[in-house]
Amino acid sequence: MADVPPVEKIPEAKKERFDKLRSTFISKYGTEPDYFARAPGRVNLIGEHIDYCGYAVLPMAIEQDVIFATSSNADGKITFSNLNPVYKDFECDVSDITIPKDNPQWYFYALCGVKGMMEHMKKTTALGFNCVVEGTVPPSAGLSSSSALVCCAALTMMQANGWSLSKQELADMCAHCEHYIGTEGGGMDQAISFMAKHGTAKLIEFNPLRSTDVKLPFDTVFVISNSCVQANKAASSNFNIRVVECRIATQILAKSNSLEWKGIKKFAELQSLLLTTLDEMIDKVNKTFHKEPYTKTEICSILEVTPEELASTSLSENTLNVESFKLYQRASHVYNEAKRVVEFKQTCDLNASGTVEKLGELMTASHDSCRDLYECSHPDLDNLVQICLKSGALGSRLTGAGWGGCAVSMVRATDVLNFLAKVRDEYYLKSEERSTKILESLFATEPGAGAAIYKV
Ligand code: ADP
Ligand code: NG1
Ligand code: MG
């Protein structure tokens, strides 16, 4: 039988939250909800900005999530309402969904999931749904609130129509349809949201999508700390510029190795075509690229294309006007980060002496690379990571896309209370604004469960 998202009873411990959603639903729509759908956010332990290059990543689901209280309707209307009044109501027809790429309103993320599901099922019409949404994943903080919303909407649409997709199909479909919002992400967030299992982190591999349990050292705790700098990924071109720099670097490496480069888009694809190791790829990067940024003119001359051809082989809508590309730095980050993921997984599996120190080193090296080579950190986040390391973390790094958002730190279980107190004093209490947000910004986390349907 296909591995579909489970249908469960509402856990006793969560009853109060579901009851509140249920009564908001009743006062809004005048009827009981038929069911609830839930999709979690995630924290990525290692493997940043490499999923869209085809390389494996190592996240775990978190407790924070998005929940939809829902009832289906036969008139094909989708009606979104949000418990948080910052997010305005929205209504549209299921057979008429338009998602602009330059206007990331909250309901467009949800519509990505609905549209993706309609396309996957090859439907032009279907049952609609009314829903009330509640999200507890801190938004724009690298914990994947966006994908929790997309995945929850897709799951809701599936349930409303009685369709049945496996977790893997749902994850692949949601990774594809979140692109409608404008960012060309990989599939990590959607994969872990559906495939997560309580108590274990996951190695997520792509093409084909698969997940393997990773047993984390029992005597450590992962702590999330939010820098309180928000980074809305779809509202800037930072993310897609990195995707495009990786694509162009892949194509230049492919051409210099005498391959038909135009169809090759990802570093991992190139590595398997060349039948080489990650170390050999790193060697090729060192020999092929200079460290100065490349101009578009230089890239066109290396690839022997016009700027118009480059736009269609390599660029995306919001990167057409970019003139400067850091190819050495981005390629070097990706191949070394892919190696760190392999080493992290092997170190966990081996569980020999020195495991926690080695894992910590890998995490901190990942942060340094994100900051210096991938340039996707933020001064406040760098400061926070340094404070975490000084406060006793074995390793600390930014998590998610970056440019703000959260750090994740690995801490010995026996040191956690001390660690939390020090980070609170050194980062949160040093600013009036941050000191009001400590509770939701600094917390220990453990591997949570994946998306599910809850019966009323
Ligand atoms: P991340 O995925 O790192 O949290 P993104 O920039 O990818 O950050 O997505 C953040 C966007 O997701 C927000 O700007 C908002 O539109 C949407 N979002 C997040 N949480 C909620 C929520 N609880 N309700 C509605 N929309 C949300
Ligand atoms: P966040 O921070 O959740 O927006 C993004 C991408 C991931 C991955 C990470 C960086 C989406 C939906 N998510 O995450 O695929 O590339 O950045 O490792 O685009
Ligand atoms: Mg996101």
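Guide: A residue is buried if 20 or more other C-beta atoms lie within 10 Å of its own, exposed if 12 or fewer, and partly exposed in between, with C-beta atoms placed from the backbone. This is a predicted model, in which local features need pLDDT of at least 70 and side-chain atom pairs count only at pLDDT 80 or more, while totals for chains, interfaces and linings use all residues. Residues are numbered from 1 along each chain as its sequence is written, and chains are lettered from A and ligands numbered from 1 in the order in which they are written.

Visitor: Which residues of α14 are exposed?

Guide: Leu417, Ala421 and Asp425 are exposed. Helices (H or I, at least four residues) and strands (E, at least two) are DSSP runs, numbered from the N terminus.

Visitor: And which ones in α14 are buried?

Guide: Phe419, Leu420, Val423, Tyr427 and Tyr428. Looking down the axis of α14, these buried residues fall within an arc of 100°, so they line one face of the helix. The arc is taken over the directions from the helix axis to the C-beta atoms.

Visitor: What do the buried residues of α14 pack against?

Guide: They pack against β9, α13, β13, α15 (432-435), α16 (438-441) and β14. Contact here is two residues with C-beta atoms, placed from the backbone, within 7 Å.

Visitor: How does α14 run relative to β9?

Guide: Helix α14, residues 416-428, lies across β9, β13 and β14 and runs at about 15° to β9. Axes are lines fitted to C-alpha atoms, for helices over the stretch in contact, and angles run from 0 to 180 degrees between N-to-C directions.

Visitor: What's the strand order in that sheet?

Guide: The open sheet has four strands in the order β12-β13-β9-β14, with antiparallel pairing. Its edge strands are β12 (395-398) and β14 (442-445), each pairing on one side only. Two strands pair if DSSP finds at least two bridges between them. Helix α13 (residues 379-390) also packs on the sheet, where α13 touches β9 (220-226), β12 and β13, and its direction makes about 165° with that of β12.

Visitor: How many bridges join β12 to β13?

Guide: Four, and the two strands run antiparallel. Ser396 stands opposite Ser409 in β13.

Visitor: What's in the loop between those two, β12 and β13?

Guide: Gly402 lies there. Gly402 counts as buried because 29 C-beta neighbours are inside 10 Å. Leaving aside neighbours within four places in sequence, Gly402 is in contact with Gly142, Ala231, Cys370, Cys376 and Ser377.

Visitor: Switching to ligands. Which residues come nearest to ligand 1?

Guide: Trp106, Gly135, Pro139, Ser145 and Ser146, out of 23 residues around ligand 1. A residue is near a molecule if its C-beta atom, placed from the backbone, lies within 6 Å of it. α3 gives the most to this shell, with three residues.

Visitor: And which are closest to ligand 2?

Guide: Ser144, Gly185, Gly186, Gly400 and Ala401, with 18 residues surrounding ligand 2. Here α3 (145-161) and α5 (188-195) each supply at least two residues of the shell.

Visitor: How do the residues around ligand 2 divide by class?

Guide: Three are nonpolar, 10 polar and five charged. Around ligand 1, there are 11 nonpolar, 11 polar and one charged. Ala, Val, Leu, Ile, Met, Phe, Trp, Tyr, Cys and Pro count as nonpolar, Asp, Glu, Lys and Arg as charged, and the others, Gly among them, as polar.
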